[in-house]
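Here is a short report on one model. Look over the sequence and the structure first.

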Amino acid sequence: MVPRRELVSIVLPVYNEAATLSQLIERLDRVMRTMSGRYTFEFVLVDDGSVDETLDTARHLAAVDDRIKVVALRRNYGQTAALQVGFDHADGDVVISMDADLQHFPEDIPAFLDRIEQGYDVVCGWRSDRREGLARRWPSKAANWLVRKLTGLTVHDVGTTFRAYRGDVVRQLRLLGEHHRFIPVLAKNLGATITEVEIKNIERPVGNSNYGLSRTLNVLLDIVFLVFYVKYLDRPIRVFGRLALACFGLAAIILAVLGFLTIAYHVAAVRERSGWFLLALVLLVSGVQFLLFGLVSEVVVRMYFYPGQAKPYLVRSISRSGVSSGIVPGERSESRGIVPSEPGESIGLAPSERSEAGAPR
Ligand code: UDP
Ligand code: MG
C-alpha cells in the first residue's frame, strides 16, 4: 500500500503585499515540487484588509491553482488575528506559518519539515545572522533573553513567525492581541516539544515593516502578561495574594516603628511622621485591594476553565411521584423534572454527588 502523503498547510497573512505575492507563490511552488513525493501542500492566504491589489492578486492565483485558499477579512485586524484565521482554515497534518514579504525563504521549508519528521511538535525559525538594523536587532535580542529566562524556553528566536507546527498542536492555540510572537511559549505551555532551525534573514525587499519602535514597549507589556498566563492562570491569588501580603507586611513594619517611637520616646508619631503614617494607610488599602482582586480573579478563572458548570446548590435527594419528601428547603416546590420511579430512589445526580447527597449533613 502506498503510504498517505501528509498534507502541509502554508499559512500566509498578507497585508498590502501585492508587489511580492506572485513571486512568493512561484518560489514556494518550486520548493514544493522537490518534496511532492512525500507531501501534498495547500496555501492559506489570509488577506488582512489590504488596501492595495493584494486580494485581487490572491484571487487570481487561486483561480489557476486549486491548492490555494484565500480568506479575506473585512478589515485590517493585525498579524495575530490573520494568523489565527489561517490556522482555523488550515487542514494540514503539518502547518507552516511565514511572512509574505519575502523576508522568509521558502527554500528553508524542507529543514522545518525534517525536524517535524524527527518528532518535534513545533519548529521555530532562528534568524542566527540577522541583517536588519540595530534598532530592530537589539530590542529583539533583549526580549528573547527575557522570555527565555522567564519561561524556561530554550530556543533563541521566539519572535519570528516562520515556524512549523503539528496540526493538532496549532489548532489548540487561541491567539489574541499580538501574541503571534509568543506562540512557542503558549505551545510549550500545552506540553509541545519545541526545537529550532537556522533560517536566512534579509531586510524587507519591498515596502515597509508594519511595526515601528513602539513595538518594544508593547512586547514588554505582553511578556508581563505571558508570565502570568503561563505560571499563574490557574492560581491568580498566588500573585495578588503575595502583593497583598507584601503591602500588609510593609504597613505593619511602618506602624510598628511609629508605635515604638510613640511609646518609647513619647513622639507624637502620627502628627510628626504623618508622611509615614499616610504611607502605611495607603499600603493597607492597597493590600485589601490586591486581596479582593485576587479573589475576583479566582472566580473569573473558574468561569474560564469550567464555564457553565457551577451550581449554587447541592440537592440532598429527589423523591419520585407520590413521595415528595427530602427536597431541601428552597428547592422549586412545583417539582418539575421529577420522573416517576421507585419510591425513595434518588435520580439525576452524578455518582460522586449521590454519595455526598446520601451522607449525613
Ligand atoms: N501583516 C498582516 N497584518 C498586519 C500587519 C502585517 O497580515 O496588520 C503580515 C504582513 O503582510 C507580513 C507579515 O504579517 O506577511 C509580517 O509583517 P511585517 O513584515 O510588517 O512585520 P516584520 O517583518 O517587520 O516583523
Ligand atoms: Mg517583514
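At what angle do the axes of helix 9 and helix 11 cross? This is a predicted model, in which local features need pLDDT of at least 70, side-chain atom pairs count only at pLDDT 80 or more, and totals for chains, interfaces and linings use all residues. Residues are numbered from 1 along each chain as its sequence is written, with chains lettered from A and ligands numbered from 1 in the order in which they are written.

**Helix pair.** The axes of helix 9 (residues 237-265) and helix 11 (residues 274-305) cross at roughly 160° and come within 8 Å. Axes are lines fitted to C-alpha atoms, for helices over the stretch in contact, and angles run from 0 to 180 degrees between N-to-C directions. Helices are DSSP runs (H or I, at least four residues), as are strands (E, at least two), numbered from the N terminus. Helix 9 and helix 11 are therefore roughly antiparallel (angles over 145 degrees).

**Positive phi.** Most residues other than glycine have a negative phi. Two exceptions are tabulated here.

| Residue | Phi | Loop | Other C-beta atoms within 10 Å |
|---|---|---|---|
| Histidine 266 | about 50° | between helix 9 and helix 10 (269-272) | 8 |

Notes
Angles under 35 degrees count as roughly parallel, over 145 as roughly antiparallel, 65 to 115 as roughly perpendicular and the rest as oblique. A residue is buried if 20 or more other C-beta atoms lie within 10 Å of its own, exposed if 12 or fewer, and partly exposed in between; C-beta atoms are placed from the backbone.
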